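Subject: Handing over a structure, with notes

Dear colleague,

I am passing a structure on to you, and I would be grateful if you read the notes below with it open beside you.

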Amino acid sequence: MKHPLCKPALYIALLFNCFLVINTATAAGQPQAAGLKCEYLNNPIGIDAKHPRLTWLMADAEQGAAQTAYQLFVGTDSLAVNAGKGESWSTAKVASAASLVSYNGKALQPFTKYYWRVILWDKAGKKLNPSATASFETGMMDMRNWKGSWISDNKGIAVNPAPYFRHGFKVDKTIKSARAYIAVAGLYELYINGKKIGNHRLDPMYTRFDRRTLYVAYDVTANLQNGKNAIGVLLGNGWYNHQSTAVWYFHQAPWRNRPTFCMDLRITYTDGTVETITSDTRWKTSLSPIVFNSIYTAEHYDARKEQPGWNTATFVDTAWKQVINRSAPSANIVAQSMQPIRNVEEIASKTITKLDNNLWVFDIGRNISGVSQITVKGDSGTVIRLKHAERLNKNGHADQSNIDLHYRPTDDKDPFQTDIFILGGKGEETFMPKFNYKGFQYVEVSSSKPIALTKESLKAYFMHSDVEPIGEVSSSNPTIDKIWSATNHSYLSNLQGYPTDCPQREKNGWTGDAHIASETGLFNFDAITIYEKWLADHRDEQQPNGVLPSIIPTGGWGYEWGNGPDWTSTIAIIPWNVYMFYGDSKLLADSYTSIEKYVNHINDLYPTGLTTWGLGDWVPVKSVSPVELTSSVYYYTDANILAKAAKILGKQADFVKYTALANKIKNAINAKYLNAQTGIYGQGLQTELSVPLFWGVTPDNLRSKVAANLAARVAADNYHLDVGILGAKAILSALSDNGYPDVAYKIASQETFPSWGWWVVNGATTLYENWQIDAKSDISLNHIMFGEIGAWLFKGIAGIHPDSNQPGFKNVILAPHFVPGLNQFTATHNGPYGKIVSAWQREGNKVIYKVTVPANSTAGITFPAGRVYLGGKLIANNYKVAAGSYEFEVKP
């Protein structure tokens, strides 16, 4: 099966002409609630939320379909719930169109499976068929419910080999169900009776370990057996014990320690009794064949040190050592309620090139985040080195010079992005790292002894948070489609339980990169759980005075550099974007105090409303805009979001206070930088003009004049970019939202330097860090910081926008632009109410515009100039529609 980002060219025509939109899981097509989720997850196990959010969508293809009421049933007895009874919570018929409801029944109990279903009433008041039954299962709910102890081996932080742990136990009764709960500081793999549990990678997700530690829950009923059983745990360092050294000083993190874990295996028997197998000092430990592992660099594996069957019940562990108790890494052990990292896509090698007798280079054909897997046969002790890189030098060797510059090795034993595999000599052997990932396209393989390799000997796995793709773009311009695909591949490459800047050189949670790419992510992927986790990381990292670091999480670096409002506005912008895309105010509410502390701190430092705190328009083409202008605009944005959040959350006094502050900042910016006569900010650079326009700083009566100046400036720059990352975020929408979509498209579709298309025509499969592909620095080949274009394709050409008055696409704002140079464009987005389609195609001198609005939502359409017809009748250029599918004709 092909990855959803890889589609044949024929798909463009099929998508446009195949206009049957299915928003239901029911083959028969009977209207009902569908897509039931709890905490935005399908039937989750191990949640801690006391009032979990229940969501659904209305599956009803009827024109004008709308929900007028709902009724919820929640209980522990699935038969009773199916019969319309919920002993935990049964609502009455609630007259509401809401499809997001927080549980508000009896107190949820830990370790309990709850079933739920929902019944809807349609626009005519007709009761629809009940939904299918969904479930959610609580986890610990309270730290006091843990029974196990935190344990580790008796080794220090400098010991390289990863530790094994095992424990045997007997099961004498008939098992009804079994759940494993494991909390880890570091990384782990869990085994029961020789089999790995689950398909997650790099669990648990990276947090500020001394302030919040995550645990993961599994259904392991099928993994247990009557009689003897064994649990095996393998621990990796991750970010907890960072042994590699680089400029961010993670090796000096205040939490650093040898990895440790706590585990409860809770077995429920058919007789109603419960037994919990726990981590304690009865467990035993040994060193594993993973002789070195670093999340930042690589993994080294010595197959000669393997202990076959170490995680099975029959293994003899008399030579193993006793474990020790350890203190918990934090006082906040909570459930990991989010999409995990997985090996999402397997990629075969495209070519193999033999450079020498024992030296080969594999090309997987595209740039990814992930790992390689090699299968090889050779003598015991043969050392295989796998050096991963994004590019090759002129001699065909792997070239890491663009990605290893921040690495500070203390010796030659930890080569950058280079796995080391020592063969055991027992026939064909396969190696894939367990506790590391890299950014690469090429793998240079060397061997200390002769071996035979073919193209099939090495494959790669694209690893990232396994978020569901929910957006699609297709057009008549192949370069635009490739830019969209490259943007999504960079976005996913930089989604590893938290947003990162690049998957090779840094792997850091750079705040600026993430808020710039957040709309791109939310249009294309169901990423709310990742953002909610990451904003909890923000709250963990925030200083009492409101200051945030520039990278999150951090071991301490970033509080002193790069953390002005142009970067750390993540604390406000991401909760606001999540609210806009999901219609869910929880993240805004959870982050409100943090936003307020942050805004108040800037106000204390810069009472005039203007701030020079920030990095500015990072990696510009040539022109440099004033940091004070761009940072002050982001400061305004934070204050403005805070005011809007206050209003949404019913904080009237705060709404008045922060509205006044936002206006003060806006007025200060315009007083210093805007020439009201000419409509020019500063020197009239692209970034200077576009950033105030995009973020709403420009006075309404001057927007058209500033936009005209921006369009003229772009024309003077030969319709090419002259911006860094802040300008790249703003410029396309600043043009298309203010009367110049044709100019925005000229920029977006350029194929010469500097442009996104310049990268693509030069072979890029991901976005780069620098407009110059031959730059001497800042030239990672998989960076997301210029990724706003992925969102703009939805906003600026398809014209899909959320409505702040009815967020979550309850009302869809559609403002398509039929730009010159394109003959066809289609964008789809699966929002909380279902699939939104905005598709247009030229036919002679007219444009056919097709729209689908999902059930229980509406849309307001603003057409470009021209005569608009629906069903042969002339209609207004501003037109409101109910749910359904529509075909318009737009003529000159």
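The notes that follow take up strands, a pocket, cysteines and salt bridges in turn.

Please keep in mind that this is a predicted model, in which local features need pLDDT of at least 70 and side-chain atom pairs count only at pLDDT 80 or more, while totals for chains, interfaces and linings use all residues. Residues are numbered from 1 along each chain as its sequence is written, and side-chain values use heavy atoms, with hydrogens and water left out.

I begin with the strands. Helices (H or I, at least four residues) and strands (E, at least two) are DSSP runs numbered from the N terminus, and two strands are taken to pair if DSSP finds at least two bridges between them. Five strands form an open sheet with mixed pairing, in the order β2-β8-β7-β4-β5. Its edge strands, each pairing on one side only, are β2 (45-47) and β5 (89-90). Strand β4, which covers residues 69-75, pairs with β5 in the antiparallel sense over two bridges, and V74 stands opposite W89 in β5. Elsewhere, β25 (residues 351-356) and β26 (residues 359-376) are antiparallel partners over five bridges; a hairpin of two residues joins β25 to β26, and T353 stands opposite V361 in β26.

Next comes a pocket, which is found on a 1 Å grid over the protein atoms alone as an open set of points where a 1.4 Å probe fits, with protein on both sides within 12 Å along at least five of seven lines, its lining residues having an atom within 4 Å of a point. The second largest pocket has a volume of about 1000 Å³, a volume being the space filled by probe spheres set on the points, which are joined across faces, edges and corners. Its lining consists of 32 residues, of which E519, M580, F694, D737 and H801 lie nearest the centre. The elements that give two or more residues to this lining are α7 (570-582), α9 (627-648), α11 (686-694), α13 (725-736) and β37 (800-802).

As for the cysteines, the count of disulfides (pairs of cysteine sulfur atoms within 2.5 Å) comes to zero. Buried here means under 20% relative accessible area, exposed over 50%, and partly exposed in between, with a 1.4 Å probe and protein chains only. By that rule C262 is buried at 2%, and C502 is buried at 0%.

Salt bridges, by contrast, are counted at 40, each being a side-chain nitrogen of Lys or Arg within 4 Å of a carboxyl oxygen of Asp or Glu. In one of them, E345 and R366 have their closest N and O atoms 3.0 Å apart. This pair links distant parts of the chain, with E345 in strand β24 (residues 341-348) and R366 in strand β26, 21 residues apart. E345 counts as buried at 13% relative accessibility, and R366 counts as buried at 12%.

Two further salt bridges lie within helices. D537 and K533 have their closest N and O atoms 2.7 Å apart, and because they are four residues apart in helix α5 (residues 528-541), about one helical turn separates them; D537 and K533 are buried. D590 and K586 also form a salt bridge, with the closest N and O atoms 2.7 Å apart, and they are four residues apart in helix α8 (residues 586-605). Here D590 is partly exposed at 33%, and K586 is partly exposed at 37%. Finally, E39, R53, E532 and D584 are linked in a network of salt bridges.
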